[in-house]
Amino acid sequence: MSEESLILEKICEVAQKAGRIMLEASDPKVKEKSGHANFCTQTDEKIQEFLIQMLGSILPQAAFLGEEEGQDEFTDRMKSGYVFIIDPIDGTSNFIYGYRPSVISIGLLLDGKPHIGVVYNPFDDEMYRAIAGKGAYLNGERIESSDRPLSDSLAVFGTAPYYTELQDMTFDMARKLLPECVDLRRSGTAAWDMCCVATGRCSLYFELRIQVWDYAAAALIATEAGCTVTDSYGKSLSYDGPTSVICRARGVKIIPECLLQKR
Ligand code: IPD
């Protein structure tokens with residue numbers, strides 16, 4: 001087994017254990033963060049602590065970038081070497097209100113580029129994983145995005161809930177996108193949305209602002225499943241901070257005009 005496959009296996013084991021913490025948590029104690037309905041629970045903090053400890057023992061030299069408390073800014077030092085980018089619970093509002101799913105997202109950058117991505121949905125025991133250049137897998141089975149056209153596909157979007165200034169543009173885009181696809185969905189977890197595009201359940205995901213821990217793992221998984229992942233200007237993602245995201249399956253050859261922003 002190659003060194004990177006070994007690292008991937010160990011990360012998946014950690015994600016699975018973190019999933020157990022999520023499933024066993026009851027009555028989450030909620031703290032408010034800045035922004036509209038932006039929450040953190042004691043379980044987010046507990047899982048983040050667990051991930052930092054366990055992942056740190058796999059690669060002691062790695063830096064960490066994570067959603068809850070501590071290092072949440074990409075620094076110059078992270079442009080080289082290994083960096084884990086973690087979201088202990090992507091879909092915190094889902095978690096609080098008992099809406100499914102919520103996932104654990106673990107991305108690993110090497111020299112500023114996506115190297116490994118793991119997204120685990122403990123509610124359905126779905127382990128999505130990818131190594132750059134080596135394809136994407138769901139529970140050990142290779143996955144490929146759909147080659148159906150948008151007109152014969154579901155599309156999903158995120159509401160960028162913490163940025164109220166983006167709501168009008170988001171819903172204007174969604175309204176224009178609806179007649180171009182079969183129907184629209186909104187799950188509440190950006191990482192899982194991109195994994196759904198990767199598996200072929202739907203063919204497009206867009207959101208006007210998400211954080212690097214929401215997309216670091218899932219954007220690699222989607223790319224390895226044949227998707228094209230860009231920002232809403234059509235530029236590749238930089239993996240160093242917040243951005244808009246459009247993730248298209250193989251069958252969606254160009255970014256729909258209604259989602260494309262011009263400078
Ligand atoms: C959020 C979820 C949601 C998306 C937000 C994200 P969080 O992540 O992914 O689907 O619409 O933009 O911030 O806060 O639950 O980790």
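Biologist: Taking contact to mean heavy atoms within 4.5 Å, which residues is Ser-244 in contact with, leaving aside its neighbours within four places in sequence?

Modeller: With those neighbours set aside, Ser-244 contacts Glu-207, Leu-208, Arg-209, Thr-230, Asp-231, Ser-232 and Leu-237. Before we continue, please note that this is a predicted model, in which local features need pLDDT of at least 70 and side-chain atom pairs count only at pLDDT 80 or more, whereas totals for chains, interfaces and linings use all residues. Residues are numbered from 1 along each chain as its sequence is written, and side-chain values use heavy atoms, with hydrogens and water left out.

Biologist: Understood. Where does Ser-244 lie, and is Ser-244 buried or exposed?

Modeller: Ser-244 belongs to strand β14. Strands (E, at least two residues) and helices (H or I, at least four) are DSSP runs numbered from the N terminus. Ser-244 counts as buried because its relative accessibility is 7%; buried means under 20% relative accessible area, exposed over 50%, and partly exposed in between, with a 1.4 Å probe and protein chains only.

Biologist: Which side chain does Ser-244 join in a polar contact?

Modeller: The partner is the side chain of Ser-232, at 2.9 Å. A polar contact is a pair of N or O atoms within 3.5 Å; within protein, one must be able to donate a hydrogen and the other to accept it, and residues adjacent in sequence count only if both atoms are side-chain atoms.

Biologist: What about Arg-129: buried or exposed?

Modeller: Arg-129, in strand β7 (residues 126–131), counts as buried because its relative accessibility is 16%. Its side chain makes a polar contact of 2.9 Å with the side chain of Glu-9. Not counting residues up to four places away in sequence, Arg-129 also touches others, including Leu-8, Cys-12, Tyr-137 and Ile-221.

Biologist: Let us turn to the cores. How many residues has the largest nonpolar core?

Modeller: The largest nonpolar core has 44 residues, and those with the most contacts inside it are Val-119, Met-194, Tyr-205 and Ile-221. Helix α6 (residues 212–224) gives the most to this core, with ten residues. At least three residues come from each of domain 1 (3–143) and domain 2 (150–259). A second, separate core has 30 residues, among them Phe-50, Leu-51, Ile-58 and Ile-131. By nonpolar core I mean a set of buried Ala, Val, Leu, Ile, Met, Phe, Trp, Tyr and Cys residues joined through side-chain atoms within 4.5 Å.

Biologist: And what does Met-194 touch?

Modeller: Beyond four places in sequence, Met-194 touches Tyr-205, Ile-210, Asp-214, Tyr-215, Ala-218, Ala-219, Ala-222, Val-245 and Cys-247.

Biologist: How far apart are the C-alpha centres of the two domains?

Modeller: The C-alpha centres of domain 1 and domain 2 lie 20 Å apart. Their contact takes 43 residues from domain 1 and 25 residues from domain 2. The bounds come from an automatic or database domain assignment.

Biologist: Now the rings. How many aromatic pairs are there?

Modeller: The count is four aromatic pairs. Phe-157 and Phe-206 are stacked, at 5.7 Å centre to centre and 20° between the planes. They are 49 residues apart, Phe-157 in strand β10 (residues 154–157) and Phe-206 in strand β12 (residues 204–210). Tyr-215 and Tyr-239 are edge-to-face, at 5.6 Å centre to centre and 70° between the planes. Rings of Phe, Tyr and Trp (its six-membered ring) pair if their centres lie within 6.5 Å; planes under 30 degrees apart count as stacked, over 60 as edge-to-face and the rest as tilted.

Biologist: Which residues do ring pairs link into a cluster?

Modeller: Phe-157, Phe-171 and Phe-206 form that cluster.

Biologist: Which ring has the charged end of Arg-263 over it?

Modeller: That ring is Tyr-233, with the charged end of Arg-263 at 3.9 Å from its centre. Arg-209 lies over the face of Tyr-163, 4.9 Å from the ring centre. The rule requires NZ of Lys or CZ of Arg within 6 Å of the ring centre and within 35 degrees of the ring normal.

Biologist: Finally, the backbone. Which residues does a cis peptide bond join?

Modeller: A cis peptide bond joins Arg-100 and Pro-101, with omega about -5°. Pro-101 is in the loop between α3 (92–97) and β5 (103–110).

Biologist: What is phi of Asp-111, and what is phi of Tyr-239?

Modeller: Phi of Asp-111 is near 50°, a positive value in a residue other than glycine, and Tyr-239, also not a glycine, has a positive phi of about 55°. Asp-111 is partly exposed, with a relative accessible area of 44%, while Tyr-239 counts as buried at 8% relative accessibility.

Definitions and conventions. Contact means heavy atoms within 4.5 Å.
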